[in-house]
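Subject: Structure handover

Hello,

The structure is handed over below, with notes on what was found in it. Please read the notes alongside the coordinates.

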Amino acid sequence: MTIGPVAWVESPLQLLGALEHAALARAVDPSERHPRGGEVIIVPRAGDAQLERTAALLDARCAEEDRGGRRAGGLPVSIRVDRRLMPRGLFRSAADWIIGDAYSGLVQQRLESAEPAHLTIVDDGAITRRLARQLQEGAPLLRPVAPRLLGAARERLAARTTVRLRSLAAQGRLRVTTYLDDDDETPGLLRALGAEVVTHRFDRTRALGMRAAAVPPAARIVLGSAGVADGIASSDAALERLAALAAEGPVAYFPHRREPRWFLQVAARLRTVRVMPALVPIELALAGTPRPLDIVSPPSTAAETLPIVLRGTGSTVRRDTLDVEVRR
C-alpha cells in the first residue's frame, strides 16, 4: 500500500488529534487531501506508558478492521501505528507530515534539515493558542519555561522554526486541525498567516470510547493534573482539595499520567476515594458514556475537551468552582 502522511505524536492527546485529522480528511476527501493517498502512519514517541497503551489499542482496532473488512468505531482503515522513534526515512523532504508539538526539540531539529511538502499540526492542548500568537508575532517557538532552561542555540533553532512555519503558511502548505472553534481567536490568527484551519469535534474518539465503563455509578469524577509533578502546585493543597471533594461523596480519581506514585498512594488512602488507573487519555476513557457524568477538573486542557467529547450526554464538567454545562 502507498504511504501517505506520517504523524509524529508525543502525547496521548496528540495521538487522538492525529486520529481525528485522518478521519476528518478521509471523510472530506478519499485521498486525504494528499496526491499520493495511501495509509497514514502514526509514530508515537517511545517512553510514555499511556501513549504506548493508547497506540496499542488503536493498532488493535486497525487490525480488527483489516481482518473484518469493516470500519470499527468509524476508524479509517488507512491508519496504522508504528512505534519507532522519529525515522528520517519517513519524515523527509517533500513528504507530508503531521505533528502534534511544534515546540518539540525533535520536531524543530527535523524541520531544520528537511522541508515537508505539506505540514499539519494537530492539537497539543490549549498551547495551540500560544502557538498561534507566537507565529503571528514572529517570536521563537519556545515554551514559557524554555528561555530560563535552555541556551542561545536552542532559541535560535526555535526562531528558525517560526520562520519555517510562517513560510509554509504563506505558501498554503500549513494546516492546523484543532478542537478550538471560531468562537476562539486562534483559528483567525492562523488563517491570517495563510494557514488552513479545520475544527474537529472528537467524533472518532467518541466512536472508539471506553464509555466510562470502569467508573463506579455513584462516583463523582475528579481529574488530576501535572502540577505536582512539574513542581508548580503544592501536593498538600492538591490532597486537601481531593479530601474536601471526597467528603461530599464517593470520588473516582483519574490522575494525570505524570503524577508521582507516592502522591497516588496517599490519595488512595483517603476515605471514599478510588484511584483509577491512567490507562488511556481521559477523553478516550469517558467518551461514549451512556449516562451523565459529574466531573471536576483543574484548569487544564481536559476542562475544554471533555465538554466537546461528552456533548449530548447531560454530563457536567466543573472547572474549580465554575460549572460548565455540556452543550446538548
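The chain has an average pLDDT (the predictor's confidence in each residue, from 0 to 100) of 87, and 86% of the residues score at least 70. This is a predicted model, in which local features need pLDDT of at least 70 and side-chain atom pairs count only at pLDDT 80 or more, while totals for chains, interfaces and linings use all residues. Residues are numbered from 1 along each chain as its sequence is written, and side-chain values use heavy atoms, with hydrogens and water left out.

Residues 30-37 have pLDDT under 50, and the model gives them 22 contacts beyond four places in sequence. Contact means heavy atoms within 4.5 Å.

Pocket and cavities

Both terms come from a 1 Å grid over the protein atoms alone: a cavity is a set of points where a 1.4 Å probe fits but cannot get out, and a pocket is an open set with protein on both sides within 12 Å along at least five of seven lines; lining residues have an atom within 4 Å of a point. Grid points are joined across faces, edges and corners, and a volume is the space filled by probe spheres set on the points.

The largest pocket holds about 1700 Å³ of space. It is lined by 49 residues, of which Ala226, Asp230, His256, Arg257 and Arg258 are the closest to its centre. Elements giving two or more residues to this lining include helix H1 (12-28), helix H3 (105-113) and helix H12 (282-286); helices (H or I, at least four residues) and strands (E, at least two) are DSSP runs, numbered from the N terminus. H1 gives the most, with three residues. By class, the pocket lining has 26 nonpolar, twelve polar and eleven charged residues. Here Ala, Val, Leu, Ile, Met, Phe, Trp, Tyr, Cys and Pro count as nonpolar, Asp, Glu, Lys and Arg as charged, and the others, Gly among them, as polar.

There are two cavities of 30 Å³ or more. The largest cavity has a volume of about 50 Å³, and its lining includes Gly100, Tyr103, Asp124 and Leu131. Strand E5 (118-122) and H4 each give two or more residues to that lining, with the largest share, three residues, coming from H4. The cavity lining divides into six nonpolar, two polar and two charged residues.

Threonine 199

Threonine 199 sits in strand E7 (residues 196-199). It counts as partly exposed because its relative accessibility is 30%; buried means under 20% relative accessible area, exposed over 50%, and partly exposed in between (1.4 Å probe, protein chains only). Beyond four places in sequence, threonine 199 is in contact with Leu24, Thr178, Tyr179, Leu180 and Asp181. A polar atom of its side chain lies 3.0 Å from the backbone oxygen of leucine 180. The C-alpha atoms of threonine 199 and aspartate 181 are 5.9 Å apart, at 18 residues along the chain.

Other local points

In helix H13 (residues 302-309), eight of the eight residues are buried, among them Glu304 and Thr305.

Most residues other than glycine have a negative phi. Arginine 211, in the loop between helix H8 (203-208) and strand E8 (220-223), has a positive phi of about 65°. Threonine 272, in the loop between helix H11 (261-268) and strand E10 (273-275), has a positive phi of about 70°.

Regards

Key:
Polar contact = N/O pair within 3.5 Å; in protein donor to acceptor, adjacent residues only side chain to side chain.
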